[in-house]
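Me: I am new to this structure and would like to learn how to read it. Can we go through it feature by feature?

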Amino acid sequence: MTMASCPGCIAAGPVAEAAAVRDGLPTHELILPTIHCSACIRAVETLLNARTDIAAARVNLSRKRVSISASADADPAPWVTALAGIGFEAHEARGIQKHTKDDGLILRLGIAGFAMMNVMLLSVAVWSGAADSTRDFLHWIAATIALPAALFCAQPFFITAWSALRVGRLNMDVPISLAILLACGLSLYETSVGGEHAYFDAALSLTFFLLGGRVLETRMRRAARSAAADLAALEPNRVTKLDGEARVSCPVDDVKVGDTLWLAAGSRVPVDGVLLAARAQVDRSALSGESDAIDIVKGDILTAGEVMLSGPVTLRTNVDASGSTLRRLIQLASVAEGARSRYTSLASRAAAIYAPLVHALSFAAFLGWTYATGDAYNALKIAIATLIITCPCALGLAVPAVATVATGRLFRAGVLVKSETALERLAEIDTVVFDKTGTLSDSALVPETDLPADACAVLKALAEASNHPLSRSVLPGLADLTAAEMSDINEHRGQGIKGMWGEIPVALGDAGWIGQGGGTVLQIGAQAHALARRERALPEAAETVRTLRNMGLVVHMLTGDSQGNADRMAATLNVDHVHASVSPERKQALIHDLQAEGRKVLMVGDGLNDTLALTQAWASIAPGTALEASQNAADVVLLGQHLAGIPKVLHIARSAQRRIIENFSLSALYNLIFIPLALAGFATPLMAALAMSTSSITVTLNALRTRAVP
Amino acid sequence: MNILVILVPCSLILGLGALFAFVWTLRHDQYDDPAGDAARILLEDDEETRHLS
């Protein structure tokens with residue numbers, strides 16, 4: 001290639017670099033959900049490439065990942081911390097994604113495009129009046145290009161059509177394959193007898209446009225699959241194991257029965273086990289929905305999914321990783337496929353009507369013309385022309401084009417769409433059911449109301465110095481204060497944070513570590529102030545509920561928490577209906593009842609107690625902070641816990657639905673115009689080419705109109 | 001119409017050239033990260049990237 005003439009390509013940086021990473025074969029992949037621009041790429045790559053334990057790192061912005069070549073057993077934890085230090089959320093990917101598999105389809109698309117354009121050039125010469133031997137000559141050249149190209153490029157259609165026919169079913173690929181094969185066969189015969197009309201260009205443009213739709217569809221499916229893989233990575237997949245006295249980091253999957261695990265305060269219990277520390281406080285909201293902290297003592301059972309509020313603690317596992325409650329619930333949720341498997345996508349419903357109709361029409365044309373004129377060859381020509389013209393070119397693009405645009409817009413907004421039919425189902429929603437704890441509200445540490453102002457300033461300074469979730473939760477309550485001047489701040493991982501406030505030693509952390517009080521304590525000099533855990537509504541929760549109600553949706557709130565807590569929250573958020581103290585099975589039953597009344601329910605939940613309800617609902621959304629099991633059960637996951645993304649998702653889903661229906665109507669309209677012409681025997685290859693290209697292009701352009709704004 | 005004997009092969013050769021160029025780009029993973037490639041155009045070619053190339 002003569003690429004050197006382009007100044008930007010002389011260095012050929014990206015290609016060579018990609019090859020370098022590939023040759024060294026990436027050993028690790030990190031998921032970076034927040035990267036979005038060239039400055040992000042630069043920052044991440046500079047940071048990682050400067051490290052001595054990384055051979056090469058390269059960001060893939062489309063997949064929001066970075067591939068890293070390092071030694072195979074390198075621990076990615078320090079890289080994640082380093083990235084967090086410059087403001088990038090990072091997660092280790094479980095297993096590196098296999099190399100893209102749609103290359104074959106793209107190659108076919110390229111060949112079909114090349115062949116289509118060349119044959120079209122020859123056809124233009126024929127349409128503008130080439131006659132006799134010149135026409136035959138051009139037709140023969142077209143045939144030599146078109147036949148091998150069409151047979152190679154259309155293979156994906158032949159294969160699916162054949163597998164459908166073998167079991168006696170019809171799918172969209174049957175009329176497509178038939179049209180391509182018949183167009184090639186008829187044109188070859190016409191060429192050999194010196195006939196006037198050859199449909200080589202139609203066969204190729206049909207293949208080209210449909211392959212385009214197929215490529216989009218494959219990309220979507222891959223994006224949905226990798227979204228599911230991304231989610232698995234959000235779950236902590238490394239634990240700290242005590243090996244004698246030494247702490248070693250190991251993957252969760254390697255945990256065996258009887259291992260001793262070390263858990264920092266604020267971390268989630270990875271595997272079921274027995275508490276070895278004397279006392280501890282845990283948050284069970286993910287399992288039961290209760291928002292209050294629970295005290296446990298040595299020997300009590302810790303279930304995977306609970307969050308340690310005090311610590312650090314040690315626990316002895318009583319199952320291995322695969323037998324953990326969390327894993328069993330995940331398996332349960334994947335077996336209980338709900339609405340997802342019952343729903344037939346719009347595209348397959350359209351195909352179910354369309355495919356038999358097209359065949360019936362062509363067959364009727366053949367019978368009608370044979371009966372009327374007695375000329376079977378001419379009748380066959382008309383029947384084939386009908387099949388070519390009605391072939392669902394635009395129909396094949398109608399859904400994938402819209403879905404690609406919609407999920408692309410959502411992905412950039414931090415919303416992962418996991419199920420292919422999720423958007424179609426979300427567009428039909430008329431009721432939204434929220435889980436309370438963890439979804440609409442969270443728990444924060446609040447200082448006593450009589451805490452002096454300077455003590456609050458110390459608290460703020462200490463809390464700001466730590467990234468720990470518990471310290472972070474203090475900050476919103478202290479927003480209008482100025483932090484005190486501190487020196488010598490150092491954090492003791494999993495225990496607390498210490499510093500000097502002028503001459504006075506101060507500390508914030510676990511009561512056991514500080515040596516007085518209970519729960520979490522702020523110590524100034526010799527005096528200790530306890531911090532209480534209270535529930536509060538998430539900042540954007542009230543706004544989200546109001547927007548949803550303005551959209552005409554009915555909002556329910558379900559919770560495993562007590563009636564009192566539920567009513568308080570319901571009053572702040574102004575929801576329509578509240579159901580308190582409900583068990584997971586009851587949640588599922590409530591949603592089932594609502595749906596039995598004919599409502600289409602959207603369930604939004606994050607806990608393990610919501611998994612059944614999420615699968616039962618017509619569509620489901622989980623926040624990014626949800627547990628793996630809930631995220632697996634949900635159709636859509638909001639990264640970064642942006643509740644405000646819910647109305648946006650619904651708007652885009654509705655807009656996408658409108659575009660899909662418009663696209664179906666557009667392609668139906670084209671057929672309404674061209675079918676009568678084809679049946680009457682006026683169809684020409686030029687007409688087929690025009691109908692196919694214009695309808696495909698209008699459908700694609702219409703898909704681009706999918707927007708979040710109503 | 002003898003001109004066709006020259007023009008048709010010409011157009012075919014040009015088309016095949018484009019097809020080979022396409023296959024070359026495909027082999028070199030140029031469709032792996034369209035968004036990233038668009039963003040990288042804004043990055044300066046600093047010392048480090050030159051080393052790798």
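Me: How many bridges join strand β1 of chain A to β3(A), and do they run parallel or antiparallel?

Reply: Strands of a sheet pair through backbone hydrogen bonds, either parallel or antiparallel. Here four bridges join β1(A), residues 28–31, to β3(A), and the two run antiparallel. Two strands count as paired if DSSP finds at least two bridges between them. Strands are DSSP runs of E with at least two residues, helices are runs of H or I with at least four, and both are numbered from the N terminus. One caution: this is a predicted model, where local features need pLDDT of at least 70 and side-chain atom pairs count only at pLDDT 80 or more, while totals for chains, interfaces and linings use all residues. Residues are numbered from 1 along each chain as its sequence is written, and chains are lettered from A and ligands numbered from 1 in the order in which they are written.

Me: Which residues face each other across these strands?

Reply: A:L30 stands opposite A:V66 in β3(A). A:E29 has A:S67 as its bridge partner there. Strand β2(A), residues 56–60, also pairs with β3(A), antiparallel over five bridges. In that pair, A:A56 partners A:S69. The β2(A)–β3(A) hairpin has four residues between the strands, and A:K64 takes a positive phi near 50 degrees.

Me: In what order do the strands lie in the sheet?

Reply: The order is β2-β3-β1-β4 in chain A, an open sheet of four strands with antiparallel pairing. The edge strands are β2 and β4 (91–92), each pairing on one side only. Helix α3(A), residues 38–49, packs on the sheet and touches β2 and β3 of chain A. Touching means C-beta atoms, placed from the backbone, within 7 Å. The direction of α3(A) makes about 160 degrees with that of β2(A).

Me: Is β3(A) mostly covered or exposed?

Reply: In a regular strand the side chains alternate between the two faces of the sheet. In β3(A), residues 65–69, five of five residues are buried. A:R65, A:S67 and A:S69 lie on one side, with A:V66 and A:I68 on the other. A residue is buried if 20 or more other C-beta atoms lie within 10 Å of its own, exposed if 12 or fewer, and partly exposed in between, with C-beta atoms placed from the backbone.

Me: At what angle do α14(A) and α25(A) pack?

Reply: Axes are lines fitted to C-alpha atoms, for helices over the stretch in contact, and angles run from 0 to 180 degrees between N-to-C directions. Helices α14(A), residues 376–390, and α25(A), residues 645–679, pack at about 170 degrees, with axes 9 Å apart. That makes them roughly antiparallel. Angles under 35 degrees count as roughly parallel, over 145 as roughly antiparallel, 65 to 115 as roughly perpendicular and the rest as oblique.

How values were computed. Contact = placed C-beta atoms within 7 Å.
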